Amino acid sequence: MMSQLPSSQFWLTRPFGERATQVFLGVLFTALLVVTVLHVALPQGSPLHVNAYTVNLFGKYLSYALLAVAVDLVWGYLGILSLGHGAFFAIGGYAMGMYLMRQIGDRGTYGHPVLPDFMVFLNWESLPWYWQGFDMAWFAFAMVLLAPGMLALVFGFLAFRSRVTGVYLSIITQALTFALMLAFFRNEMGFGGNNGLTDFRELLGFNLRSNDTRLGLFLATGVALALGYILCRAIVTSKLGRVCVATRDAEARTRFIGYRVERFQLFVFVVSAMLAGLAGALYVPQVGIINPSEFSPLFSIEIVLWVALGGRATLYGAVIGAILVNYAKTIFTGVMPDAWLFALGAMFVLVTVLLPKGVAGLLRKRRRAVESDNAGTKEAIA
Amino acid sequence: MSLLQSFKTRDRVFDFIAPAASPVDVRHGPILYMEDVTVSFDGFKAINKLNLTIDDGELRCIIGPNGAGKTTMMDIITGKTRPTEGSVWFGSRHNLLNMNEPEIASLGIGRKFQKPTVFEVLSVFENLELAMAADKRIFPTLTARMTGEIKDRIDEVLETIGLTQLRFQPAGILSHGQKQWLEIGMLLMQRPRLLLVDEPVAGMTEQEMERTAELLTGLAGKQSVVVVEHDMGFVRSIARKVTVLHQGSVLAEGSMDQVSSDPNVVEVYLGADDEEAA
Amino acid sequence: MRRFLSWGFLCAVLLGITLNVQAQTGPDTSDNDAALELLEALDVDSYRDKGEAITAILQSDDERARDWLQALLDGRLQRADDGQFVVVLDNSGREWPVADALTNEPLGEMSRRDLDRVGINNALRNQLRSAIAVVDLYSPNLDRRRISAERLLGEVDGELLEPINALILEEKDSQVRYRLSQAVAIYRAEQGEMAGIEALTGSLHPRARVALSRAANGDDTVAADAARAALASVEQNLKINRGVETLYFGLSLGSVLVLAAIGLAITFGVMGVINMAHGELMMLGAYTTWMMQQLLPGQPGLALILSIPAGFLVAALVGVAIERSVIQFLKGRPLETLLATFGISLILQQLVRTVISPLNRTVITPEWMSGSLIINDALSLTINRMVVLGFALVVFAGLMLIMRRTRLGLEVRAVTQNRAMARSMGIRATRVDILTFALGSGVAGLAGVALSQLTNVGPNLGQNYIIDSFMVVVFGGVGNLWGTLVAGLSLGVINQVLEPWAGAVLAKIIVLVFIILFIQKRPRGLFPQKGRAAEG
């Protein structure tokens, strides 16, 4: 890839010319198709049948994968280690959750036509202003992108303008998500406090408890992942992507050749936050709840582990990492829950010390070895 | 410069009248004009009442012992360091003290660092592509396409710096000298009016040095070039006019011969280093 | 107001008691029949009769009277099946150890079913309290006199006035004297007397405020005005004291932050190593204290003192293990160091959860650290916080000395500023790394020892402080120990000042947001390092 001229195609279509993207999209859509077929076409008793629970689980993994792609965009290509992407994910999730809460209507426990149950419980008289409009799907869906985008814009504007980067940025992003977690735990915030938002019923008229809706959400998440991946790929293969890499490796130099580094950082950071918000919005209807624990610093830093394990600055590595770690988590917490934190901690240490390029790095090394092997045999024949 | 101050200095065009993006005005000769510039770090004056004028198209060498303030002077011109006092003008229209690094860069001042910094994971070609004078705002950068014109321009510079063979290699694998040339090439892509070159031949072999001297003298005339260098042999081989800095201000200025016969210079600088100067 | 009725009886006997207590003739155990009679009179159904029996006990010269009344008040004066009066010593289990009420001899344990309590009601309880207070005023025990004098605030009536005034003249302890005259003043103020109101000006006791506000609503306008003025001065005084208290709590919280952050200021600020497991090193220090107390049962004070070196050592050793096993391989890659040490923090937490317990452990506060220093009625400073504050300052001063005055400090600064140069001058950089990291980690252990005296010791202890600590270091200016001290203390105070106004959680959020914004404005913190070295 490095040894070619930057292509002259339009930036959005550029990724389709890459082999890595073609393979990735191929694998992703095959997986979506296989799961759908095994779920729909095979009878319940068949050993290959994928049940609704598993479909739901895969859907969750895919939304995590999208989140990981968003983190890889800023960390891998821009060198900004955000320890607060969980916050953007959660805000997107809350925006979706608010829409789903409003969709419950008067079917809640207290039967109030407008107010969600927790507000009735807290004796609130009317809907707070920031809950207005969330009964309309288009508004809520716009907010899924705009709310995290706005937060990233304000925060990033302040941070990048003052050239807060590196470890400092990591620490203050962590403080940001921590502060938000504390805030969302408060009942007075009007987001359901400790319990968050839950007991959802339907999304766009589809019953969230039906298996078909679950399959639909799974497929939608897969498509969103594909689109997010292509968008990120388009960004990193554009000239802007090369400016990002330049910024990552030599920020001062990039400034001296005339790029307003802080604006580029801000732009990519905001795009990434919006993708994270979208991932959160797809996650919430699948797990049926959103609460402040998604803001916890541990979750945000875990996302970074997914990316590190999969391999930084590859995008597909982030997807692999997210799925691997979360699959391991599902297995571990089922079999030996106490061991999970040990395993997670060990992964952090091992990946950073022994596997700095992640799984993707291993794959690439292997392929290169095969290629040079082939070259060797060719030479020998010649 | 605040509005009030701009009223006080009656010899200049008001800042708000002069369009910021207007081309450099060199009708009056100098392209760079520094007056009474002082920088102090915690009381230590790295630059002390420095006055320096560079003419358009000139090739100027700046020499001076360690700590004379050469790098700090470059930092001031490129906007990295703000002086405590003084004024710095680019042409007779642009007050550099009101601008930040990218603004100054896009005005046409290019800088090569002491330690070569190129973008190591990007290819030589991509390094030049990024440096090229172009619309460097976000969306034009995002949607930029590779045209034949751009390719030709990059190829031309590749030829000048002699890296055509290595164009698709990552810049990280280049030798030290090649990185220095790539950096000069990146400066050329910006089509600068003024090139600031910090120790271009440090760690180079004889042949590389010769090639660099050729490159820099070839540039002068089209562009103004300021070279900061320790290597006296190299300075002698390219210099037309030399400025000696000492303790943050100008000690002597003139041709290499004039300067090296100046008793002050001999005392503080050349005297300690006689053989190299000869 | 039956209580006030009984005061009459009390006052009548006061002189008699005085004589009795001061005579100290020694126990007259032969007089048990009379005493038994007094107690028998208590075991009647009518509360009215019981009240009279109490008065009778007071009037008797029996020096056991106080113990009986106290036992009666606590419900520990009971009657066994055979009619014997006993005092229950400990009524927690099923079998109660008891003592003979008359002879004070221990009688072993008795089943609660074999005992009958002598019952009292609320009116009697009040009567008993006041009676005990009055009796105690004549006690030779200073503490008892102080407590009883305080109890009399707001309880004085016209008939008690005289004997109390007499007592004031005789009393040697100024505190008791002050209390008693306050008690009298409260009575007078409630009666609308100017002298009382004037005497209460500036008093901080809640009863004094009650008395003054009553007087302020009284009919006598002159007295009411005076009372209002006095009340205003009381409020003013209270406000000042509340301010001092907030400052104290702020400084205390700040000292905890400083302790938590100062180790980071060494490892992160000076060495540039991001150790996310720093909080867990604190946790280990706290657990060391707990462990010490398990090893030395019954001597919490000694255990705490010993934990100071032990906590330092444990944390320092673990710190060195982390440095050698992980951090040294990640030199120059701060973000990776952050991730790896975060992994270590997870492992350490889970280790403690698995090996010790996921639940909080209790660390005992030794006697000399518990209780509080009472400045006045509105202000008392808890001693454990004061000790921790002092400890933080001592640790800070010690670190300052090490960094400024010792060879190690010099070498650390040399290595951090120019590693290659320092090595070429013969400084063993690796050794310096290890020692510095051990020092920073050890200080985290010390912070843990101190924290064990203020909060719960649990696996999450470190996690709760790590973000705050980083904020303190960054806020103060990385690489600057003074900055850390100032930042820690001021953030503590800011937090406490905000708390009553915004609530604890919101105050914390506000402080976090403030720091986030502050860092944008001054990325190098309060006290940035200047000059060329900082540019690199």
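1. Helices here are DSSP runs of H or I, at least four residues long, numbered from the N terminus. On that basis, F29(A) sits in helix 1 of chain A, residues 19–40. The model is a predicted one.

2. A residue needs 20 or more other C-beta atoms within 10 Å to be buried, and 12 or fewer to be exposed. F29(A) has 13 inside 10 Å, so F29(A) counts as partly exposed. In sequence, F29(A) and L219(A) are 190 residues apart. In space, their C-alpha atoms are 9.4 Å apart.

3. Next, the nonpolar cores. The largest has 278 residues. Those with the most contacts inside it are A68(A), V69(A), A95(A), A175(A), V304(A) and L305(A). Helix 10 of chain A, residues 261–287, supplies the largest share of this core, with 18 residues.

4. Which residues does A68(A) contact, once neighbours within four places in sequence are left aside? The partners are I303(A), W306(A), V307(A), A318(A), V319(A), G321(A) and A322(A).

5. Now the interface of chains A and C. Here 38 residues of chain A are in contact with 34 residues of chain C. On the chain C side, the elements giving two or more residues are helix 14 (334–355), helix 19 (463–476) and helix 21 (504–521). Helix 14 of chain C gives the largest share of that side, 14 residues. By class, the side of chain C that touches chain A has 26 nonpolar, five polar and three charged residues.

6. Helix 19 of chain C also packs with helix 20 of chain C, residues 481–502. Two numbers describe such a pair: the angle between the axes and the distance between them. For helix 19 and helix 20 of chain C, the angle is about 120 degrees and the axes are 8 Å apart. Angles of 65 to 115 degrees would count as roughly perpendicular, and those over 145 as roughly antiparallel. Helix 19 and helix 20 of chain C are therefore oblique to each other. Their crossing is right-handed.

7. Which residues make the contact of helix 19 with helix 20 in chain C? Helix 19 brings V472(C), V473(C), F475(C) and G476(C). Helix 20 brings G483(C), T484(C), V486(C), A487(C), G488(C) and L491(C). The contact has six nonpolar and four polar residues, and no charged ones.

How values were computed
Residues are numbered from 1 along each chain as its sequence is written. Chains are lettered from A and ligands numbered from 1 in the order in which they are written. This is a predicted model: local features need pLDDT of at least 70, side-chain atom pairs count only at pLDDT 80 or more; totals for chains, interfaces and linings use all residues. A nonpolar core is a set of buried Ala, Val, Leu, Ile, Met, Phe, Trp, Tyr and Cys residues joined through C-beta atoms within 7 Å. Two residues are in contact if their C-beta atoms, placed from the backbone, lie within 7 Å. Ala, Val, Leu, Ile, Met, Phe, Trp, Tyr, Cys and Pro count as nonpolar, Asp, Glu, Lys and Arg as charged, and the others, Gly among them, as polar. Axes are lines fitted to C-alpha atoms, for helices over the stretch in contact, and angles run from 0 to 180 degrees between N-to-C directions. Angles under 35 degrees count as roughly parallel, over 145 as roughly antiparallel, 65 to 115 as roughly perpendicular and the rest as oblique. A crossing is left-handed if the near helix is turned anticlockwise from the far one by less than a right angle, and right-handed if clockwise.
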